[in-house]
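Subject: Handing over a structure, with notes on its spaces and helix packing

Dear colleague,

I am passing this structure on to you, and below it you will find notes on what was found. Please read them with the structure open beside you.

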Amino acid sequence: MTKTPSKGHAVDLSDEAVHWDFRDAMSYGDYLHLTQLMDCQHPLSGAHDEMLFIIIHQSSELWIKLCLHEITGAIAHIRADDLGPAFKMMARVGRVQAQLIQSWDVLSTMTPFDYGSFRSALGKASGFQSFQYRMLEFRLGNKSRQMARVFDADAKIAAMVQGALDEPSVYDEALRLLARRGFTLPDSTLQRDFGEPYVAHAQVTEAWRQVYRDVQTHWDLYELAEKLVDLEYRFHLWRFSHMKTVERIIGARPGTGGTSGVAYLQKALDLRFYPELWEVRTEI
């Protein structure tokens, strides 16, 4: 029997109007600046796993940049009583947070020996010095003037971090919205130094309790509350995954940035951004 010659597996493009020549047009790589992006990975050692370490952290910074973009937009919409777009932006942050959490699974493929082969090349460099992470934390509501000190060496970055510290967080704007809707809130939560840590108040818990007890009347405020809880929930999952990954790779050794490492990360797990939203759950 004569066999029919195989045509192979290549896709036939003869009937496609593909653009082939980009000498005078913008390409995909041009739009995304891929040449520059792919030239940002410069391992300082000959260790194979340093490339993994760099890419995980660089990609995380890109995701955090998107989180900042979205949460800043959400804050503006809450301030304008325009909750629909704010909900979409907050939901998108939640999806990005899932990507950030997943990244620790990839990094955890690195063993203590792998990390030890290049850790000395990091010097004092540490994720503790991520200005975007700190700005995101501040915009979500976890304020700390002490944490901002590490950026003093760069005036431009220090100003950006200080701005995020001093401006109302997404929770501050949510409480202002509650007050505009007629709920009684203490002046200490509405007119305060927003660069200082938020202090929980029983009147705020009562306001959220009223929202949760009459969901039909306060549906958009109820949804806002749940979006906030989701943000904090995922943020704590990210922190927990970070802590366990660090514990898996370096044990109880100090971090390169000068913190106690796992012990410091464990302390951070106890922080609450929106205490009244957690408190009201006990009382419902």
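H3 gives the most to the lining of the largest pocket, with 9 residues; helices (H or I, at least four residues) and strands (E, at least two) are DSSP runs, numbered from the N terminus. Please keep in mind that this is a predicted model, in which local features need pLDDT of at least 70 and side-chain atom pairs count only at pLDDT 80 or more, while totals for chains, interfaces and linings use all residues. Residues are numbered from 1 along each chain as its sequence is written, and side-chain values use heavy atoms, with hydrogens and water left out.

To begin with the open spaces, a pocket is an open set of points on a 1 Å grid over the protein atoms alone, with protein on both sides within 12 Å along at least five of seven lines, whereas a cavity is a set where a 1.4 Å probe fits but cannot get out; lining residues have an atom within 4 Å of a point. Grid points are joined across faces, edges and corners, and a volume is the space filled by probe spheres set on the points.

The largest pocket holds about 1,100 Å³ of space, and among the 42 residues that line it, Phe53, His57, Ser126, Gly127 and Phe128 lie nearest its centre. Two or more lining residues come from each of helix H3 (50-79), helix H4 (83-107), helix H6 (131-140), helix H12 (219-250) and helix H13 (262-268). This lining divides into 21 nonpolar, 15 polar and 6 charged residues, where Ala, Val, Leu, Ile, Met, Phe, Trp, Tyr, Cys and Pro count as nonpolar, Asp, Glu, Lys and Arg as charged, and the others, Gly among them, as polar.

In the second largest pocket there is about 240 Å³ of space, and its lining includes Leu37, Met38, Ile55, Lys65 and Phe131. Helix H2 (34-38), H3 and H6 are the elements that give two or more residues to this lining, and H3 provides the largest share, 6 residues.

The residues that line the largest cavity are Ile64, Gln97, Leu100, Tyr133, Leu136, Arg234, Phe235 and Trp238, and H12 gives the most, with 3 residues. By class, the lining of this cavity has 6 nonpolar, 1 polar and 1 charged residues.

Turning to packing, H3 and H6 pack at an angle of about 25 degrees with their axes 9 Å apart, the axes being lines fitted to C-alpha atoms, for helices over the stretch in contact, and the angles running from 0 to 180 degrees between N-to-C directions. H3 and H6 are therefore roughly parallel to each other (angles under 35 degrees count as roughly parallel, over 145 as roughly antiparallel, 65 to 115 as roughly perpendicular and the rest as oblique). Their contact (heavy atoms within 4.5 Å) includes Ile64 and Leu68 of H3 and Tyr133 and Leu136 of H6.

H3 also meets helix H9 (residues 170-180), where the axes come within 9 Å and cross at roughly 15 degrees, so H3 and H9 are roughly parallel to each other. Ile71, Ile75, Ile78 and Arg79 of H3 make this contact with Val170, Glu173, Ala174, Leu177 and Arg180 of H9, and these residues divide into 6 nonpolar, no polar and 3 charged.

With best wishes
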